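This briefing covers sheets, the helices packed on them, pockets and cavities. The structure comes first, then the points by topic.

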Amino acid sequence: MISQSQGRLQDRRPISVIDIGSNSIRLVVYEGVARSPTVLFNEKMLAGLGRGIVSTGKLDPEAVTRAIEEFGRFRALSDQAGAAELHVIATAAAREAENGPDFIHRAEKILGTEIRVLSGRQEAGYSALGVISGFHAPDGIAGDLGGGSLELIDIRGDEIGDGVTLPLGGLRLQDMAKNSPLAAAKIARTEIARANLLKGGQGRTFYAVGGTWRNLARLHMNMTNYPLSVMHHYRMDVESSMGFLRQVAKGDINKMKGIEGVSKNRRTLLPYGAAVLLEIIAAAKPSQVVISAFGVREGFLYSLLTPEEQRTDALISAASELALLRARSVTHARELVDWTNRSFAAFGIDETEEETRYRHAACLLADIGWRAHPEYRGTQSLNIIAHASFIGVDHPGRAFLALANLFRHEGVFDDGLAPELRTMATPRYVERARLLGAMMRVVYLFSASMPGVIPTLRWQRRGDDELSLVIPAAHAALNGERPAGRLAQLARLTGRKLSFVVEGAADLSASA
């Protein structure tokens, strides 16, 4: 009997990571060690181990009891999910508390594995790797705000620079400030002044990592009616978000629009997270604040990859996997990538590196909705892509991927399609998505979504504004009325005279 669904990749062995933080403890079971990790199971508890550690020097006793009781369940869940390995890491509270070693020893007996208690430098390093894993060519300062500490580290591409650990975790700051947001702001200002590396963040991105900042961003999304609920790579414009951050930092948040979207357990730490972020912005003067859903856990997972695997493009890897799982033919999807490479060159269309990446991903994803009813394939594809757990793509790029595949199914001239995603994408992305969709609509009628034909189709220049798509004589029977109609749409969109040419036969023109 086959126990693993065909909807999973067959070459993956699940792996579990338990992250024991100062505020939360989380078990994540991943499908396997991969460049773009997929979560099989995810559970957390807000234990609050670091609550009161400033005044007592110890882990919160009630939190310790709850955590110890829950570890047996986490171990059982990991086994039930079929995890081949269980890794456990612990951060600020466990390494600093007087009773931390005893807690770790008890936890190790229950979990049946060694727990890595990370130093501040190691924690910052894994957090940086998480950002490197989750973003394409990141450039800026990463800040990981936990319950007990704040790790700041400089990142340029895959290079990790200077880092510092500050005692500004949400629970610790709340404790030091004696529950006063105003006092917290003063403490944060003093500590942030010690982080000289922030001077190198001017005009660059600040990558905000950690649950408190993610929930702060969620509140900002709710207040601004942001059309996409994906947290990773959510961008907060510095200038326009300052009023919002100052309001939250004052602590009067219970009547703010959208606060019901933030769990009650997380709300109390939002003012402290906002206070720290305001001081970072003042010191670093970043161009933007970008939210990262990837942190220490994902950085640790990334460290298990080979150097060759680490260099793989995370977005292209994820799109390839989705094509393998959901398309009629992953080979056909790859052929579409190559054909659009040649087509863009033939039409003289310039692309940035980012635009090329996004076009490749869109081609790989072009057939993932085929099992839906034909009238809903475009909508299904759009929904899957818009809300997929992709990394290595910003939100305008995600909108481009979704729109390109909506246009591929629904047509390219209906301006009423997906208005919210259109506003999220740049005007250039919308037009590129329309163009790519039009090209895919032509070629899909020759391939029947199966491999073998697309590589044989080539563009031939016939004049300054005229191109012919040459069809080999062996595939001449695939030409017909519907492909001609689609070619006419592409001609109208590009303003060129386009035609089909069967080798050895007359051409069929389609002028704009």
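Helix α11 (residues 270–284) lies across β6 (139–145), β7 (150–156), β9 and β11, and runs at about 40° to β7. The model is predicted: local features need pLDDT of at least 70, side-chain atom pairs count only at pLDDT 80 or more, and totals for chains, interfaces and linings use all residues. Residues are numbered from 1 along each chain as its sequence is written, and side-chain values use heavy atoms, with hydrogens and water left out.

**Terms**

- Helices (H or I, at least four residues) and strands (E, at least two) are DSSP runs, numbered from the N terminus.
- Two strands pair if DSSP finds at least two bridges between them, and contact means heavy atoms within 4.5 Å.
- Axes are lines fitted to C-alpha atoms, for helices over the stretch in contact, and angles run from 0 to 180 degrees between N-to-C directions.

**Six-stranded sheet**

- The order β8-β7-β6-β9-β11-β10 describes an open sheet of six strands with mixed pairing.
- Its edges are β8 (159–166) and β10 (235–237), each of which pairs on one side only.
- Direction ignored, neighbouring strands of this sheet are turned by 20° against each other on average.
- Strands β9 (residues 205–209) and β11 (residues 288–292) run parallel and are joined by five bridges; Tyr207 stands opposite Val290 in β11.
- Helix α9 (residues 238–249) packs on the sheet and touches β10 and β11, with its direction at about 85° to that of β10.

**Five-stranded sheet**

- A further open sheet has five strands in the order β3-β2-β1-β4-β5, and the pairing is mixed.
- The edge strands β3 and β5 (115–117) each pair on one side only.
- From one strand to the next, the twist averages 15°.
- Three bridges connect β4 (residues 85–90) with β5, and the two run parallel; Val88 stands opposite Ile115 in β5.

**Largest pocket**

- On a 1 Å grid over the protein atoms alone, a pocket is an open set of points with protein on both sides within 12 Å along at least five of seven lines, whereas a cavity is a set of points where a 1.4 Å probe fits but cannot get out; lining residues have an atom within 4 Å of a point.
- Grid points are joined across faces, edges and corners, and a volume is the space filled by probe spheres set on the points.
- The volume of the largest pocket is about 630 Å³.
- It is lined by 27 residues, and Asn42, Arg214, Met231, Ala293 and Phe294 are the closest to its centre.
- Two or more lining residues come from each of β2 (25–30), β3 (39–45), α8 (211–223) and α12 (296–303), and α8 gives the most, with four.
- The lining has 11 nonpolar, eight polar and eight charged residues, where Ala, Val, Leu, Ile, Met, Phe, Trp, Tyr, Cys and Pro count as nonpolar, Asp, Glu, Lys and Arg as charged, and the others, Gly among them, as polar.

**Second largest pocket**

- The second largest pocket holds about 410 Å³ of space.
- Among its 26 lining residues, His233, Arg235, Gln288, Val290 and Asp394 lie nearest its centre.
- At least two lining residues come from each of β9, β10, β11, α16 (353–364) and α18 (395–410); β10 gives the most, with three.
- The lining of this pocket comprises 12 nonpolar, nine polar and five charged residues.
- Domain 2 (121–298) and domain 3 (314–454) each contribute at least three residues to this lining; domain bounds come from an automatic or database domain assignment.

**Cavities**

- The count is three cavities of 30 Å³ or more.
- The largest cavity has a volume of about 400 Å³, and of its 29 lining residues Asp19, Ser24, Asp144, Gly146 and Gly210 lie nearest its centre.
- Elements giving two or more residues to the lining of the largest cavity are β6, α8 and α12.
- That lining divides into seven nonpolar, 13 polar and nine charged residues, with at least three drawn from each of domain 1 (15–117) and domain 2 (121–298).
- The second largest cavity has about 60 Å³ of space and is lined by Phe344, Glu351, Glu355, Arg359, Phe400, Tyr429, Arg432 and Leu436.
- In the second largest cavity, α16 and α20 (427–447) each supply at least two lining residues; the largest share, three residues, comes from α20.
- By class, the lining of the second largest cavity has four nonpolar, no polar and four charged residues.
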